[in-house]
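Okay, thanks for making time, everyone. I'd like to walk you through some helix packing today, so let me put the model up on the screen.

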Amino acid sequence: MERVNQTSSVSEFILLGLSSRPEDQKPLFALFFIMYVVTIAGNVLIILAIRSDTQLQTPMYFFLSILSFIDVCYTTTIVPKMLVNFLSKKKSISYAECMTQMYFFLAFANTESYLLAAMAIDRYVAICDPFHYVTTMSRRRCALLVTFSCSISHLHSLLLVLLINRLLFCDSNIIHHFLCDINPLLKLSCSSTLVNEIVINTEGLITLVSPFICVIISYLRILIAVLKIPSAAGKHKAFSTCGSHVTMVTLFYGSIIYVYFRPLSTYTIKDRVATVIYTVLSSMLNPFIYSLRNKDMKRGLRKLMSRRMS
């Protein structure tokens, strides 16, 4: 374990990753390299299919294309450094690089959270108020929702990084994680983290819970509306338009709640595994979840492939 002068802050951190055993490094490298390639290829295909097919120029697919772009940025913030560290003896990351990674990691994670909420609103309007769907979910309003999602997420991320930056790390510089996240850094600090914890439990909680509550309310109202539909076929059609999104919401929010809605003292290796789910795994599964269960996306992808091959 590396120690530094106890009167000054560290200049770099050591990321222990998912495992410290040497025999695990190459298999983990191969696994995450494949996941990263699949994530990039799958999400880029989703974006290209939506952009090239006029029948996919709807609010739902507009949000999906932005979500795919965020997933590409999200994983690129995390995975390349992981891959380098899997093959490195000294798994170091500079202080500045650590703060930068944390800023973009938090910003993209929160943007994804707000985009999932926007997509839930879109499904609510489509099912509960279909006659006003075109006017309610206009191009301008969709653009405003995306702009708001990005703006509030980056401001939230900036606040948390600035608060982390004021802390001292003067004992150990070993981070028990594969990325620079808030909880392991707070546990590592040798100065008071009271202000950080208050902000996380107030502003952070509001920022994270607000879109989740929006999703819950949207789907409760969708459920009530669908249950009023007399025919079984009508109910199935309505539910099928939400299935992919519900799967993504469950995967994303379920793992985030497990990691962040528990006391800091209970942070363990299980939290690292849960972080993999809402960062790398959900971004990789996004293209499959939305394309394999969606006839329009399948058609769009077939058109894109045939156009590229001709």
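This is a predicted model: local features need pLDDT of at least 70, side-chain atom pairs count only at pLDDT 80 or more; totals for chains, interfaces and linings use all residues.

**Helices against helices**

Let's start where H7 meets H9: on the H7 side we have Leu-208, Pro-211, Phe-212, Val-215 and Tyr-219, and across from them in H9 sit His-245, Val-246, Val-249, Tyr-253, Ile-256 and Ile-257. Sorted by class, that contact of H7 with H9 comes out as 10 nonpolar residues, 1 polar and no charged. As for the geometry, H9 covers residues 243-260, and its axis comes within 12 Å of the axis of H7, with the two crossing at roughly 145 degrees. The crossing of H7 and H9 is left-handed.

At what angle do H3 and H7 pack? About 20 degrees, with the axes 9 Å apart; H3 here is residues 95-128 and H7 is residues 194-227. Angles under 35 degrees count as roughly parallel, and H3 and H7 are therefore roughly parallel to each other. H3 passes H7 in a left-handed crossing. Quite a list of residues makes this contact: from H3 you have, among them, Asn-110, Tyr-114, Ala-117, Ile-121, Tyr-124 and Cys-128, and from H7 the list includes Thr-207, Leu-208, Pro-211, Val-215, Tyr-219, Ile-222 and Ala-225. In class terms, the contact of H3 with H7 has 16 nonpolar, 4 polar and 2 charged residues.

H3 has another partner, H5. Their axes come within 8 Å and cross at roughly 145 degrees. Which hand does the crossing of H3 and H5 have, left or right? H3 passes H5 in a right-handed crossing. The contact of H3 with H5 splits into 19 nonpolar residues, 8 polar and no charged.

Okay, zooming in on the end of H3. Cys-128 is in that helix, and at 28% relative accessibility Cys-128 counts as partly exposed. Leaving out residues up to four places away in sequence, Cys-128 touches Arg-221, Ile-222 and Ala-225. For a sense of scale, Cys-128 and Leu-16 are 112 residues apart in sequence and 49 Å apart in space, C-alpha to C-alpha.

Next, the core. Which residues have the most contacts inside the largest nonpolar core? Those are Phe-13, Phe-32 and Leu-185, in a core of 85 residues. H3 shows up again here: the largest share of this core, 17 residues, comes from H3. If you click on Leu-185, you'll see that Leu-185 touches Phe-13, Cys-98, Met-99, Met-102, Ile-164, Phe-169, Ile-175 and Cys-180, again not counting residues up to four places away in sequence.

A few single residues before I stop. Pro-184 is in helix H6, residues 182-188. Is Pro-184 buried or exposed? At 6% relative accessibility, Pro-184 counts as buried. The C-alpha atoms of Pro-184 and Ile-174, 10 residues apart along the chain, are separated by 9.3 Å.

Leu-167 is in the loop between helix H5, residues 139-165, and strand S3, residues 174-175. From Leu-167 to Ser-94, 73 residues apart along the chain, the C-alpha separation is 16 Å.

And for contrast, go to helix H1, residues 22-52, where you'll find Lys-26. Lys-26 is exposed, with a relative accessible area of 65%. Lys-26 and Leu-87 are 61 residues apart in sequence, yet their C-alpha atoms are 7.0 Å apart in space.

Conventions:
Residues are numbered from 1 along each chain as its sequence is written. Side-chain values use heavy atoms; hydrogens and water are left out. Axes are lines fitted to C-alpha atoms, for helices over the stretch in contact, and angles run from 0 to 180 degrees between N-to-C directions. Helices (H or I, at least four residues) and strands (E, at least two) are DSSP runs, numbered from the N terminus. Angles under 35 degrees count as roughly parallel, over 145 as roughly antiparallel, 65 to 115 as roughly perpendicular and the rest as oblique. A crossing is left-handed if the near helix is turned anticlockwise from the far one by less than a right angle, and right-handed if clockwise. Contact means heavy atoms within 4.5 Å. Ala, Val, Leu, Ile, Met, Phe, Trp, Tyr, Cys and Pro count as nonpolar, Asp, Glu, Lys and Arg as charged, and the others, Gly among them, as polar. A nonpolar core is a set of buried Ala, Val, Leu, Ile, Met, Phe, Trp, Tyr and Cys residues joined through side-chain atoms within 4.5 Å. Buried means under 20% relative accessible area, exposed over 50%, partly exposed in between (1.4 Å probe, protein chains only).
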